Amino acid sequence: MPNAIPLRIDDIYVPAKRKKTLEAEKVDALANDILENGQTTPIRVREGKGRYVLLEGYHRLEAMRALGEERVTVFVTQARLH
């Protein structure tokens with residue numbers, strides 16, 4: 001299991017295809033849950049082309065951004081080679 005680390009939200013690249021899947025209701029619900037319980041599940045990213053690329057947790061990322069957070073807890077994983 002990779003170690004969880006804090007990362008600046010602005011340093012995470014969200015692919016355009018992923019941005020189309022955003023549901024505002026989910027973001028609001030997650031933001032409320034994070035306010036009550038904190039971030040319980042780290043977001044998953046990978047390193048690629050000198051940046052961190054989002055793999056999982058887009059709604060959690062946007063909920064943290066909506067709450068005014070500057071950092072989010074992430075797992076940095078290796079990209080799979082096919």
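User: Which residues does histidine 59 touch, leaving aside its neighbours within four places in sequence?
Analyst: In this predicted model, histidine 59 is in contact with Thr21, Leu22, Glu23, Lys26, Val27 and Leu30. Contact here means heavy atoms within 4.5 Å. Histidine 59 is found in helix α3.

User: Why is histidine 59 called buried?
Analyst: Its relative accessible area is 14%. Buried means under 20%. Histidine 59 therefore counts as buried.

User: What makes α3 largely enclosed by the rest of the structure?
Analyst: Of the 9 residues of α3, 7 are buried, so the helix is largely enclosed. The buried residues are Tyr58, His59, Arg60, Leu61, Glu62, Ala63 and Met64. They pack against β2 (12-13), α1 (16-19), α2, β3, β4 and β5.

User: What follows α3?
Analyst: Glycine 68 follows α3, with a positive phi near 85 degrees.

User: Why is lysine 49 called exposed?
Analyst: Lysine 49 has 82% relative accessibility. Exposed means over 50%. Lysine 49 therefore counts as exposed. Its place is in the loop between β3 and β4 (51-56).

User: Which residues have the most contacts inside the largest nonpolar core?
Analyst: They are Ile12, Ile43, Val45, Leu54, Leu61, Val72 and Val74. The core has 16 residues. Four elements each supply at least two of its residues: α2 (24-37), β3 (43-48), α3 (58-66) and β5 (71-77). The largest share, 4 residues, comes from α3. In soluble globular proteins, nonpolar side chains tend to be buried together.

User: What does leucine 54 touch, leaving aside its neighbours within four places in sequence?
Analyst: Leucine 54 is in contact with Ile12, Tyr13, Val14, Pro15, Arg18, Ile43, Arg44 and Val45. Valine 45 also stands opposite leucine 54 in β4.

User: How do you know that β3 and β4 pair?
Analyst: Strands pair if there are at least two bridges between them. β3 and β4 are joined by 5 bridges. They therefore count as paired. They run antiparallel.

User: What makes the pairing in the sheet mixed?
Analyst: The sheet holds both senses. β3 and β5 pair in the parallel sense over 4 bridges. β1 (residues 4-8) and β5 pair in the antiparallel sense over 5 bridges. Arginine 46 stands opposite threonine 77 in β5. Arginine 8 has arginine 71 of β5 as its bridge partner.

User: What is the order of the strands, and which are the edge strands?
Analyst: The sheet is open, with 5 strands in the order β1-β5-β3-β4-β2. The edge strands are β1 and β2, since each pairs on one side only.

User: How do you know that the charged end of arginine 51 sits over the ring of tyrosine 13?
Analyst: The charged end of arginine 51 is 3.8 Å from the ring centre. The distance cut-off is within 6 Å. A second condition is a position within 35 degrees of the ring normal. Arginine 51 is listed as sitting over the ring of tyrosine 13.

User: How many aromatic pairs does the rule give?
Analyst: The count comes to 0 aromatic pairs. To pair, ring centres must lie within 6.5 Å.

How values were computed:
Residues numbered from 1 in each chain as written. Predicted model: local features only at pLDDT ≥ 70, side-chain atom pairs only at ≥ 80, totals over all residues. Heavy atoms only, no water. Core = buried A, V, L, I, M, F, W, Y, C linked by side-chain atoms within 4.5 Å. Buried < 20%, exposed > 50% of the residue type's maximum accessible area, 1.4 Å probe, protein only. Phe/Tyr/Trp six-rings, centres within 6.5 Å; stacked < 30°, edge-to-face > 60°.
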